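The following paragraphs lead the reader through one protein structure.

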Amino acid sequence: KTTQMVEDYSDVTALVNGNWDWFTGRVAQIRYAGSADGRTAHVVYVYFDIRYAERRVVYTDDVTADVEGVTDSASGAITMQPYKLIERPDHVFKLCILKLMGQDAALIDSASFAAAGALYAAQIAGGYKLAGVIDKKIEARELWTEWSRNCRSYLIWTLGKCKLLFRSYNFIESGDPSVKTITDAMRKDDAGVKAERTATSSIANHIESRYKWDYSAGDFAAVEVREDALSMSIYDRRELPDQFNLKWVRTAVMAADLAAFNLQEHMNPLWVITIELFLDNMDLEPGDIVKLNTQFKNFNN
C-alpha cells in the first residue's frame with residue numbers, strides 16, 4: 001500500500017517555561033495503538049523544535065526616574081528618625097557636611113541647627129524642604145550659597161563651628177529678639193558711627209521667583225510673582241532678573257513664602273549702620289540681632 005509520512009506536534013512550551021534544564025534527562029516516548037487496516041507504523045525520528053520570540057532592543061540617552069531622595073540610616077544619624085527622608089534644610093546641610101565632606105559631628109553647632117530646624121518646620125504648612133539633584137561638579141561653598149538662597153538662611157563658620165541661621169525680616173515684628181543693646185558708653189566715639197543707604201540699583205519691587213526645576217526640559221516649570229505698588233510708584237518698576245530663581249524648591253507654598261520675603265528685603269533701600277565698639281563686645285557673632293540705644297543721630301531702635 002502507499003507509504004505515508006505523518007508529522008505531528010505536541011506543544012510543551014508551558015512545561016518548559018523558559019527553563020533549559022527541563023530538557024535534562026528527558027526521554028521521548030511514542031506509543032502506537034495499531035490500526036484496523038493492518039498498516040505497520042515506523043517512528044522515524046523525534047525532535048524538539050525551539051523557536052525564539054523576536055525582541056527589539058532600543059538604546060537611548062534619555063533616562064528618567066521618579067526619585068524621592070536620600071533616606072537616613074537605621075540609627076537616624078541626621079534626622080533622629082530611622083530611615084526618614086532627608087529634605088528639611090538643616091538636615092540637608094548636615095548630610096552634606098558629615099557624609100559628603102566627611103567632617104566630624106563636633107563641627108556642627110547643634111543649638112543653631114535645632115533652632116533653624118524648628119523654624120523651617122513651622123514657617124509654612126508642611127515645612128521648608130529642599131529637593132533637587134547635584135548634577136554638576138561644584139564647590140561646597142557655592143552649593144551652600146545656592147541652598148541658603150532657596151531657604152532664606154545663612155550658613156556661617158565661626159569659632160570653629162558651623163552655625164545655621166534662618167533669616168528673619170529686617171525689622172522687628174514682635175517682642176525683642178536682640179542679644180545685646182548698644183549704648184553710648186559702648187561706642188568708641190562719634191567718628192566711629194556711620195550710616196549709609198544701599199544703592200537704588202539693589203532694589204527689586206517686581207520679583208519673579210521661578211521654581212520646580214524640570215531636569216528633562218532644562219528649565220523651570222512654575223513661577224511665583226510678587227510686586228509692591230508703593231515702591232514701584234517711587235522708584236519705577238525695578239527687577240533683578242534670575243537672582244530669585246529657586247532650583248531646589250518644589251512647592252508653590254514655599255515659593256510664595258520666599259518671594260514675599262525677598263520682596264520685603266529688596267523693595268526699598270536698606271540702611272547699613274557701622275558702629276565701632278570696644279573689644280569687650282567681641283562676643284557678638286554674625287547673625288546676632290542688636291538693639292541701638294544711643295543719642296547719636298537718634299539711633300534708638
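A residue is called exposed when its relative accessible area is over 50%, buried when that area is under 20%, and partly exposed in between. At 73% relative accessibility, L159 therefore counts as exposed. The model in which this residue is seen is a predicted one.

Confidence in the prediction may be considered next. The protein chain has a mean pLDDT of 88, and 95% of its residues reach 70 or more. Among the elements of the chain, the highest mean pLDDT, 97, belongs to strand β6 (residues 219–227), while the lowest, 84, belongs to strand β8 (residues 290–293). Where pLDDT is low, the predicted coordinates should not be read in detail.

L159 itself is placed in the loop between β1 and β2. Strand β1 (residues 153–158) and strand β2 (residues 161–166) run antiparallel and are joined by six bridges. Across this pairing, L155 stands opposite L164 in β2. Two residues lie between the strands of the hairpin, and L159 takes a positive phi near 55° there. This is a positive value in a residue other than glycine.

N17 also has a positive phi near 55° and is likewise a residue other than glycine. N17 is found in the loop between α1 and α2 (89–100). With a relative accessible area of 65%, N17 is exposed.

In the segment before α1 (13–16) lies M5, which is exposed, with a relative accessible area of 68%. M5 contributes to a nonpolar surface patch of about 630 Å², together with Y9, V44, Y45 and Y47.

Side chains of opposite charge can pair when their charged atoms come close. Over the whole structure, a search finds twelve salt bridges. One of them joins the side chains of D283 and K180, at 2.9 Å from N to O. D283 lies in the loop between β7 (271–275) and β8, whereas K180 belongs to strand β3 (residues 180–183), so the pair ties together parts that are 103 residues apart in sequence.

R210 counts as partly exposed at 30% relative accessibility, and E208 counts as partly exposed at 26%.

H266 is found in helix α6 (residues 252–266). What does the side chain of H266 reach? The backbone oxygen of N262 is reached at 2.9 Å. H266 has a relative accessible area of 18% and is therefore buried, since buried means under 20%.

Terms used:
Residues are numbered from 1 along each chain as its sequence is written. This is a predicted model: local features need pLDDT of at least 70, side-chain atom pairs count only at pLDDT 80 or more; totals for chains, interfaces and linings use all residues. Side-chain values use heavy atoms; hydrogens and water are left out. Patches are made of residues with over 30% relative accessible area and no salt bridge: like charges are joined within 9 Å, nonpolar side chains (Val, Leu, Ile, Met, Phe, Trp, Tyr) within 5 Å. Accessible areas come from the Shrake-Rupley method with a 1.4 Å probe; for residues, only the protein chains shown count as cover. A salt bridge is a side-chain nitrogen of Lys or Arg within 4 Å of a carboxyl oxygen of Asp or Glu. Helices (H or I, at least four residues) and strands (E, at least two) are DSSP runs, numbered from the N terminus. Buried means under 20% relative accessible area, exposed over 50%, partly exposed in between (1.4 Å probe, protein chains only). Two strands pair if DSSP finds at least two bridges between them. pLDDT is the predictor's confidence in each residue, from 0 to 100. A polar contact is a pair of N or O atoms within 3.5 Å; within protein, one must be able to donate a hydrogen and the other to accept it, and residues adjacent in sequence count only if both atoms are side-chain atoms.
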